[in-house]
Amino acid sequence: MKYRDLVSFDPVESVIKLVEADQPQEALRLVKTYVMSDSMAKTLKDLVIPQLQFEDPFDNKGVFIVGNYGTGKSHLMSVISAVAEDKAMLKLVNNDIFKKSAESIAGKFEVLRFEIGTSKMDFRDLVVGHLEKDLSKRGIHYRFPSMEEAPNTKDYLLAMMALFQEKYPDKGYLIVADEFLDYLRGLTEQKVVLALNFLREIGEISKSCRLRFIAGVQESLFDSGQFAFVADSLRRVRDRYEQVVIRKQDISYVVSERILKKDNRQKAWIREHLTKFSHLYSNMADRL
């Protein structure tokens with residue numbers, strides 16, 4: 001007997017790009033293959049779904065998905081955004097807790113996904129550039145003034161959303177951005193402050209319109225010592241964002257359910273084999 005007979009090995013793709021979910025078939029695959037623990041599902045139910053939904057009155061905020069490389073951060077954001085974009089994706093979700101709670105957002109959003117690469121652009125210019133391009137594809141033509149011409153960006157985001165609602169009266173607009181922290185680390189101190197101020201503005205207007213924002217970060221932005229020099233700006237951002245942290249137990253669940261998954265017959269074979277050696281090890285009989 002070989003190890004492959006004892007374990008239903010399903011390899012995990014090492015790198016998943018958020019923008020892959022723009023393709024319907026790829027989005028379907030990403031939703032279908034995502035393994036979600038009950039603890040993660042409950043976190044999404046309690047923290048993320050209430051912030052995204054727009055049918056019940058709520059003090060909506062932005063969302064940070066926190067997870068190091070290889071923890072499934074981009075995969076999770078792909079799943080959330082795919083369900084929000086297409087209600088048909090719900091039937092492919094592998095966790096009943098999330099499936100039930102996500103009914104309030106399923107198919108109710110138009111989605112803009114992008115990854116933030118190595119760039120020295122101001123964060124505001126980077127985001128509104130993606131917004132203008134995406135809106136143009138949808139037949140909505142809107143131009144944001146430069147920062148030098150605008151006292152704030154909130155008013156212009158609200159004006160943009162007014163045009164969006166004319167085209168999509170029953171939908172919200174979900175922006176999902178990945179690799180935000182790496183980008184932030186490459187900015188000058190002044191640009192970091194400006195980026196955080198714009199981030200706060202997006203979080204603040206979420207309660208006034210149907211614009212929603214999710215960002216993927218490699219570690220908690222609020223606990224990083226690298227940004228202690230902008231502590232005041234971070235505190236204001238923290239008030240307008242919820243954090244979802246991918247924890248060790250969530251990753252362990254993926255390993256047990258996907259990489260090392262075993263059916264009942266395989267478990268029986270392993271038990272039968274180990275029973276022969278149980279008298280040689282203390283507590284093995286109990287641990288079987």
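**Cavity lining.** I sorted the lining of the largest cavity by class and got five nonpolar, two polar and no charged residues. Here Ala, Val, Leu, Ile, Met, Phe, Trp, Tyr, Cys and Pro count as nonpolar, Asp, Glu, Lys and Arg as charged, and the others, Gly among them, as polar. The lining residues are Val-31, Tyr-34, Met-36, Val-79, Val-93, Asn-94 and Asn-95, each with an atom within 4 Å of a cavity point. A cavity is a set of points on a 1 Å grid over the protein atoms alone where a 1.4 Å probe fits but cannot get out.

**Ground rules.** I'm working on a predicted model, with local features needing pLDDT of at least 70 and side-chain atom pairs pLDDT 80 or more, while totals for chains, interfaces and linings use all residues. Numbering starts from 1 along each chain as its sequence is written, and side-chain values use heavy atoms, leaving out hydrogens and water.

**Arg-138.** I found Arg-138 in the loop between α6 (123-137) and α7 (154-167); helices are DSSP runs of H or I, at least four residues, and strands runs of E, at least two, numbered from the N terminus. Buried or exposed? Arg-138 is buried, at 13% relative accessible area (buried is under 20%, exposed over 50%, partly exposed in between, with a 1.4 Å probe and protein chains only). Leaving out residues up to four places away in sequence, Arg-138 touches Glu-110, Val-111, Lys-167, Tyr-168 and Tyr-173, contact meaning heavy atoms within 4.5 Å.

**Strand β2.** I checked β2 (residues 109-115) next: six of its seven residues are buried. Seven bridges join β2 to the parallel β3 (residues 172-178); pairing takes at least two DSSP bridges. Arg-113 sits opposite Val-176 in β3.

Technical notes. On a 1 Å grid over the protein atoms alone, a cavity is a set of points where a 1.4 Å probe fits but cannot get out, and a pocket is an open set with protein on both sides within 12 Å along at least five of seven lines; lining residues have an atom within 4 Å of a point.
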